[in-house]
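User: I am new to this structure and would like a close look at one part of it. Could you walk me through the salt bridges, and where their partners sit?

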Amino acid sequence: MEPPPAAARQVEADDQIALLSKPRNKGGNSDLASAGFNIINSIIGSGIIGLPYSMKEAGFPLGVLLLFVVAYITDYSIILLIKGGNLSSTKSYQELVKKTYGLVGYLILSTLQFLYPFIAMISYNIITGDTLTKVFQRIPGVGLDVLTDRHFIILLTTIIFTLPISLYRDIAKLGKISLLSLILTIVILIIVMVRTVTFSPQVPKSENAWIFAKSNAVQAIGVMSFGDIFENYCRDDNLATFGRFCYGVTVILTFPLECFVTREVIANVFFHGNLSTVFHVVVTVVIIAVATGVSLMYDCLGMVLELNGVLSATPLVFIIPSACYLRLSKERWNHSDNLISCLILVLGVLVMAVGLVMTVLHPQECSHGKEMFYCSPSNVSLHNSTLPP
């Protein structure tokens, strides 16, 4: 899981590199188009519409600035990984860390590589449960039926969709699924832009909406990921309901990419990179069962994202690439690469430490499922319309 270039969203970026840096299963084939769709889906996926959460936490002006800073650091980190690979004659993130810091470093990296997509799987399940239940509530005749229960929806989508798709051994087979996910992401963006024009005038202005920075900026750096933006829309908004449906499907279709990464990490650490058919099925089922179990018991998305950001994504993007390069570099201490690597390393440690403390001491309110105050019947709005007049 190395950080990719111009993906301005650093957290999902690790995810994509995780897919690239794993040795492929023997006999697997991947054409350029399928590989491209999988990479883009893992970088962008459903995450692109969650950036408002980070902007809200950091303050909009600082959030935009941090977005560019994180993008630069992500880009520079992958350059450091390439240089470190050349210096150590290695071809993957895992090989680089093992060559540089031995077995202990390799196991730490593998743990982080497992945790990041695994926690992402939990987040996807939470989003699926929260999103699709609101969709079914809008279908006439469903009412308070079982389809409006988030636990049932999570179990149903897991058994029918995510588990069967995740059982594929060859990631190339996920290419068409990733393409569909990307198409739905575009649809979601169009819906959000339409609602920006038609719904924004009905929403009261937030206090200090344009303040430069907020106290949660550090957590925002760790997240830069997928918050549930559709929580902002009213439940009886038909266009938003269709967006929720697309969002839920997109999350379901992105889930298998995360499962693929976690399974590959386990295969590399415990099975020398090769899983028999039986173990392939067993490992996949166990991973999904545990992730599903956690998502059934815990449903606060914000906390999950923040912890995943500071504990997994930050060391993968900021700390480890810099640490590996500094240990391997033969340049003078005041060489630009060494100085920038030191700066990124220190910044990563600070973000990780401060972010963890802030997350524990000042956890974000878990407001999942609450209707926004401006959605009350007394407020005149356009949310019943499906398209702007």
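**The salt bridges**

Searching the whole structure turns up three salt bridges, a salt bridge being a side-chain nitrogen of Lys or Arg within 4 Å of a carboxyl oxygen of Asp or Glu. Please keep in mind that this is a predicted model, where local features need pLDDT of at least 70, side-chain atom pairs count only at pLDDT 80 or more, and totals for chains, interfaces and linings use all residues. Residues are numbered from 1 along each chain as its sequence is written, and side-chain values use heavy atoms, with hydrogens and water left out.

Let's begin with Asp-337 and Lys-83, whose side chains meet at 2.6 Å, N to O. This pair links distant parts of the chain, 254 residues apart: Asp-337 is in helix H12 (residues 336-361) and Lys-83 in helix H4 (residues 60-88). Helices here are DSSP runs (H or I, at least four residues), numbered from the N terminus. Asp-337 is buried, at 8% relative accessible area, while Lys-83 is partly exposed at 30%. Buried means under 20% relative accessible area, exposed over 50%, and partly exposed in between (1.4 Å probe, protein chains only).

Next come Arg-195 and Asp-237, with their closest N and O atoms 2.8 Å apart. Arg-195 belongs to helix H7 (residues 175-198), and Asp-237 to the loop between helix H8 (217-223) and helix H9 (238-270), so the pair links distant parts of the chain, 42 residues apart. Both Arg-195 and Asp-237 are buried.

Finally, Asp-130 pairs with Arg-150, at 3.5 Å between the closest N and O atoms. Asp-130 and Arg-150 are both buried.

Technical notes: Helices (H or I, at least four residues) and strands (E, at least two) are DSSP runs, numbered from the N terminus.
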